[in-house]
Amino acid sequence: MAEPARSDEPLLKTPLHAEHVACGARMVPFAGYDMPVQYPAGILTEHNWTREHAGLFDVSHMGQAALGGPDHETTARALEALIPADIVNLKPGQQRYSQLLDENGGILDDLMVTRPTTDEEEGYIYLVVNASMKEADYAHIQARLPHGVTLVRGEDRALLALQGPAAEGVLTRLGSNAASLSFMMSGWFEIAGLRCHVSRSGYTGEDGFEISVKADDAAALWRALLADPEVKPIGLGARDSLRLEAGLCLYGHDIDTTTSPIEAGLIWSIQKRRREEGGFPGAERIQREIKDGAARVRVGIKPEGRAPAREGSVITTPDGREVGIVTSGGFGPTVNGPVAMGYVSKDVSAVGTDLHLIVRGKPLPAKVAAMPFAPHRYKR
């Protein structure tokens with residue numbers, strides 16, 4: 001789960017580091033930061049709590065930034081030259097998931113893109129990128145922006161995620177009307193008297209919110225949220241098992257520069273206008289894969305029995321033909337069994353297809369399974 005820290009650089013700390021230590025978190029190196037992998041209750045309890053109540057995550061290690069230009073269309077078209085989503089037609093407050101692509105249509109990173117709501121923010125577009133890729137992403141974007149559009153890094157902000165069926169009620173009890181948002185919409189709201197930019201989104205498959213707040217206010221917001229009995233702090237371990245059950249990709253594992261959005265099953269994130277017009281890096285390949293299908297595709301996999309298949313496990317047909325590799329795998333607490341996802345040849349990608357997973361040198365029976373493994377419960 002944890003990414004090894006580079007030995008020559010000290011670990012960075014989020015504005016909530018002292019709060020995690022005070023909560024008894026076990027801290028590990030992750031994407032260059034000292035991050036909580038779990039709290040004393042343990043990963044299984046944290047996972048189930050998020051599914052049943054509300055889990056609070058510190059995701060301040062992620063990269064928050066904005067593109068700024070003279071008007072929305074100018075800024076949106078600058079971004080559309082780098083990603084395949086339709087940004088020009090984003091409504092104020094609307095958010096989209098997309099991918100930063102290289103010239104071959106490989107995925108440099110995945111990111112969230114939001115058009116803000118207020119007149120003062122006209123011409124700005126908010127971005128959230130992965131922690132491990134933010135420096136590379138910022139350099140890539142900066143080098144490709146037209147004159148008049150600039151990248152502004154949000155180094156002075158923290159990011160919290162409140163996820164689970166009780167999340168809406170928690171914010172309402174703290175005096176916020178963020179519950180008025182529908183899935184993938186955003187706006188400015190007060191929470192516990194603090195001004196926050198809130199989106200109704202997250203990476204657990206549950207209803208929930210991602211909350212951007214000034215770094216100096218992060219600890220006060222964290223404590224206000226944890227004061228509600230429905231809320232418990234959740235670490236990276238449960239964040240990973242929750243997103244795996246939700247069938248969501250983790251950058252550097254399920255998607256990277258060797259995978260295209262079509263292979264990854266992310267065609268839904270490329271709107272019709274962009275599919276037809278192109279105009280983004282790797283468009284020729286992606287349009288070809290949309291038309292003809294990709295040679296390999298990301299699928300859900302359910303191993304039989306109780307043994308999980310981890311990332312890197314080779315996937316074969318029952319007669320031993322190698323057809324793919326597992327990119328994420330582990331135990332799914334909600335499913336009460338092992339779950340995995342990976343890439344397989346198109347000819348063995350249909351749900352129900354029998355496969356073998358090579359675990360510790362032994363072939364374990366498995367089947368291609370529909371994703372998500374646990375149903376999404378977003379508020380649409």
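Predicted model: local features only at pLDDT ≥ 70, side-chain atom pairs only at ≥ 80, totals over all residues.
How many of the ten residues of α7 are buried? Nine of them are, leaving the helix mostly covered.

- The chain is divided into domain 1, made of 17-60 + 156-245, and domain 2, spanning 295-369.
- Between the C-alpha centres of domain 1 and domain 2 there is a distance of 31 Å.

**Where the domains meet**

- Contact between the two involves eight residues of domain 1 and eleven residues of domain 2.
- About 640 Å² is buried between domain 1 and domain 2, and carbon and sulfur atoms give 66% of that area.
- On the domain 1 side, R243, L244 and E245 lose the most area to domain 2; together these three residues account for 68% of what that side buries.
- Five residue pairs are in polar contact between domain 1 and domain 2, while the count of salt bridges between them is zero.

**Helix α7 and its cover**

- The buried residues of α7 are L236, G237, A238, R239, S241, L242, R243, L244 and E245.
- Among the elements covering these buried residues are the strands β1 (26-30), β2 (33-38) and β3 (54-58), along with α2.
- The cover also includes β16 (322-332) and β17 (337-345).
- After α7 comes G247, which has a positive phi, near 70 degrees.

**C249, in the loop beyond the helix**

- C249 sits in the loop between α7 and α8 (272-277).
- Is C249 buried or exposed? C249 counts as buried because its relative accessible area is 3%, below the 20% cut-off.
- Leaving aside residues up to four places away in sequence, C249 touches D110, Y203, R243, D254, I255, A264, L266 and R298.
- G279 lies 30 residues from C249 along the chain, and the C-alpha atoms of C249 and G279 are 25 Å apart.

How values were computed: Residues numbered from 1 in each chain as written. Heavy atoms only, no water. Domains from an automatic or database assignment. Contact = heavy atoms within 4.5 Å. Buried area = accessible area lost by both parts, 1.4 Å probe. Salt bridge = Lys/Arg side-chain N within 4 Å of Asp/Glu carboxyl O. Polar contact = N/O pair within 3.5 Å; in protein donor to acceptor, adjacent residues only side chain to side chain. Helix = DSSP H or I, 4+ residues; strand = E, 2+ residues; numbered from the N terminus. Buried < 20%, exposed > 50% of the residue type's maximum accessible area, 1.4 Å probe, protein only.
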